[in-house]
Structures are given as structure tokens and as C-alpha cells.
Amino acid sequence: MPTAEATTPVPALSGQGRTVCVTGAGGFIASWLVKRLLEKGYTVRGTVRSPVDPKNDHLRALDGAADRLVLLRADLLDPESLVEAFSGCDGVFHAASPVTDDPEMMIEPAIRGTRYVMMAAADTGVKRVVFTSSIGTVYMNPYRDPNKPVDDTCWSDLEYCKNTQNWYCYAKTVAEQGAWEVARKRGLDLIVVNPVLVLGPLLQQTVNASTDHVMKYLTGSAKTYVNAAQAYVHVQDVAEAHVRVYEARDAHGRYICAESTLHRGELCRILVKLFPEYPIPTKCKDEVNPPVIGYKFTNQRLKDLGVDFVPVLQCLYETVKSLQEKGMLPVLPPKDDQDQLHKS
Ligand SMILES: NC(=O)c1ccc[n+]([C@@H]2O[C@H](COP(=O)([O-])OP(=O)(O)OC[C@H]3O[C@@H](n4cnc5c(N)ncnc54)[C@H](OP(=O)(O)O)[C@@H]3O)[C@@H](O)[C@H]2O)c1
């Protein structure tokens with residue numbers, strides 16, 4: 001009689017035999033993407049600016065990395081390095097970008113770099129490119145109806161981004177528009193993922209910009225919270241979204257990647273409930289105006305591809321736990337013990 005082991009079919013790994021490139025592989029989102037691709041059996045060529053830098057060691061430690069991950073040096077402003085990295089790849093995931101509002105640092109690599117990525121992908125015969133864009137290319141528009149959920153048809157207004165000095169949104173919007181233009185001209189299959197602010201556990205050893213969004217409320221550096229609202233999504237859902245749109249034969253266009261929106265006051269109140277031992281602000285900086293209401297959105301396109309979003313509360317919990325585990329945030333004694341200490 002055959003054993004159960006012999007009769008259980010081994011699930012086919014969808015990435016087996018396929019090679020893909022991930023740009024900016026050592027970053028927060030890209031690290032989870034590389035991990036997920038390796039789990040699915042892909043061979044991954046990851047671009048980093050310095051393959052020998054120990055900050056990329058977490059990638060080499062991933063399951064499957066020893067056999068199926070190669071780290072290559074590439075810079076977004078060096079087209080030849082991109083051509084070399086993409087050679088022999090079926091797909092490219094373009095995640096590399098500065099994440100800053102400093103126009104000097106942001107504009108060139110985001111805009112020109114994304115064009116170079118698209119042209120290098122076309123030149124090397126890549127079949128599909130997945131570009132990590134941003135919700136910043138979607139909602140920054142004073143003329144949109146605030147009661148209507150933003151969806152894949154919405155675009156940020158470039159003049160508004162410039163006038164409000166939102167250089168990150170400006171550069172990502174021009175970069176995404178440029179990517180679509182090259183895709184059309186060169187007949188390249190492009191899919192875009194537009195994540196909102198991404199949180200969750202870190203694989204890398206440094207705090208990235210979106211994680212700092214939560215970190216600053218735990219360290220005491222923010223004494224008040226701003227009167228603003230923001231949508232959030234878990235980093236593993238963002239990685240999964242990239243893989244799903246890559247693998248779905250009929251995927252096309254833009255995919256908004258978001259779980260839910262919180263006012264900063266709600267975010268701080270959740271953090272206080274979960275981690276009362278930290279000096280989390282309880283007051284809004286703006287005591288005059290009513291709380292700002294965040295944009296509504298639809299994430300139905302990704303749900304239709306099977307992405308099952310982690311709730312924001314879980315996402316916040318995992319973010320803080322990860323910061324503690326990585327030694328980026330001190331683990332404080334419980335609040336009661338702190339109160340006792342102050343009394344004695
Ligand atoms: N995190 C979010 O909340 C969020 C939300 C929406 C969209 N996104 C988008 O998601 C992508 C990844 O963001 P992230 O949060 O994971 O950022 P991250 O951790 O800061 O990673 C960004 C990566 O880009 C690389 N990079 C920057 N400039 C480069 C250049 N000139 N040439 C080559 N590589 C360069 C960096 O490489 P080095 O290690 O060499 O510096 C880094 O690995 C970005 O495109 C960002 O716009 C992020």
C-alpha cells in the first residue's frame with residue numbers, strides 16, 4: 001500500500017524555472033517581496049547599490065537565497081547597470097526609489113530612473129514589469145470629489161503637488177506617467193501597484209521612512225499628533241499584491257493597495273491601548289479645526305485577485321513588536337511599574 005506521503009501531490013511552485021529582478025532589493029517592501037518570490041520558487045536577481053554592504057545581509061539569510069538569489073550592483077541613474085541586471089529575466093519588479101520630500105534627492109532617481117528601468121526592460125525582452133508606485137500618484141488632487149472613493153482612474157494634480165511642495169507625490173506621479181508612456185511606446189506589459197503608507201515587521205536592519213511614521217509616536221519625539229488622516233497597509237500584503245498581479249495573466253492597469261484609514265488621533269489611541277508604556281501623544285496639535293477626514297478608497301481589484309488584507313490594528317502591533325525585537329525601540333517596563341517608580 002502506498003504511504004500517505006507518496007500519494008500527497010506536491011503543490012507546484014509557480015515561480016519554478018522563472019527568473020525575475022527586483023530593484024532596490026534591500027528596501028523595506030522589496031525585502032518582503034524577495035522573500036515571497038523565493039518562497040514561490042523564483043530565481044531572483046536583486047539590485048542594490050552596494051552588494052557587499054552588510055545592510056543587505058538579511059537578504060542572503062532568506063530561505064532559498066543561497067541557491068536562487070543573486071545580488072547585483074545597480075543604480076537607477078546608470079542605465080547600463082539596469083540592462084545587465086535585467087538580462088535573462090522574465091519579469092522585473094521596480095521598487096527602488098528614494099522615499100523623501102527633498103526634491104534634490106527625489107526627483108531625478110524617481111523620474112529618470114523609472115524611465116531607464118522601463119527602457120532597460122524593453123531592451124532586454126522582459127515580459128512584464130510591476131512598478132511600485134504610490135497612492136501619492138492617485139489622491140493628491142483638490143478637484144476630486146472627497147465623498148467618492150479614489151480608484152485606479154484617479155490621478156494626482158501635478159500643480160497641486162508642486163504648490164504644496166509635496167515632492168514625493170510629484171516625482172512618483174511623473175515617474176508613473178513616464179512608465180506608462182514608455183510601456184505604450186515600447187509595447188511593454190506594465191502593471192502598477194499603488195500602496196498607501198506601508199507598516200508591519202521589518203526584515204532590514206534600519207528604520208525606513210514609513211516605519212518612522214509610527215516610531216516617532218513611541219520615542220517621545222512627537223509631543224502632539226497632527227490633524228491628518230492616513231490609509232495603511234501591511235507590508236506582507238504589499239509583497240503579495242506584487243506577486244499576484246505579476247502572476248495573474250489578465251492583470252492590467254493600476255491596483256490600489258490599502259487596508260483602512262485612520263486619523264492620527266485614532267492611530268495614537270490604538271498605540272496607547274496596545275503599548276501604554278510608551279510616551280504616546282494624547283493631544284492634537286490643531287485644537288481649533290474639526291478632525292480631518294481621510295480619503296476613501298477601493299481595494300476591490302486586489303481583493304478580486306485574492307489579497308486578504310491584514311487589519312490595521314494587527315499591522316500596528318506587529319510593527320512595534322518588530323521594532324522592539326530588532327532593538328530599534330527599547331522595551332519599557334509595564335505602565336503600572338513606571339507609575340510605581342514615579343510615586344516612590
Ligand atoms: N513604504 C511606504 O509606505 C510606501 C508606500 C507607497 C509606495 N512606496 C514605494 O515603495 C518602494 C519601496 O519603498 P520602501 O518603503 O521599501 O523604501 P526603502 O526601504 O527606503 O527602500 C528603497 C530602496 O530604493 C533604493 N534606492 C534609492 N535610490 C536609489 C537609486 N538611485 N538607485 C538604486 N536604488 C535606489 C534603496 O537602495 P539603497 O539600499 O542602495 O539605498 C532602497 O533599497 C518605493 O518605490 C516607494 O516609493 C512605499
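1. Let's start with helix α8, which covers residues 167–186 of this predicted model. The helix has 20 residues, and from its first C-alpha to its last it reaches 28 Å, close to the 28 Å you'd expect at 1.5 Å a residue. Just after α8 comes G187, which takes a positive phi of about 65°.

2. Which residues of α8 are buried? There's a run to spot here: W167, Y168, C169, Y170, A171, K172, T173, V174, A175 and E176 are among them, and A179 is on the list too. The cover over these buried residues includes α6, β5 (128–132), α7 (158–163) and β6 (189–195).

3. Now have a look at α6, the helix of residues 103–123, where A110 sits. A110 counts as buried because 27 other C-beta atoms lie within 10 Å, and the cut-off for buried is 20 or more. If you skip residues up to four places away in sequence, A110 touches A171, K172 and A175, as well as S97 and P98. A171, K172 and A175 are buried residues of α8. One more pair to check: A110 and L77 are 33 residues apart along the chain, and their C-alpha atoms are separated by 9.3 Å.

4. Is V226 buried or partly exposed? You'll find V226 in the loop between α9 (209–215) and β8 (229–234). V226 has 15 other C-beta atoms within 10 Å, so it is partly exposed. Leaving out neighbours within four places in sequence, V226 is in contact with R264 and K285. R264 is 38 residues away from V226 along the chain, yet their C-alpha atoms are separated by 6.5 Å.

Key. Residues numbered from 1 in each chain as written. Predicted model: local features only at pLDDT ≥ 70, side-chain atom pairs only at ≥ 80, totals over all residues. Helix = DSSP H or I, 4+ residues; strand = E, 2+ residues; numbered from the N terminus. Buried ≥ 20, exposed ≤ 12 C-beta atoms within 10 Å, placed from the backbone. Contact = placed C-beta atoms within 7 Å. Expected span 1.5 Å × (residues − 1).
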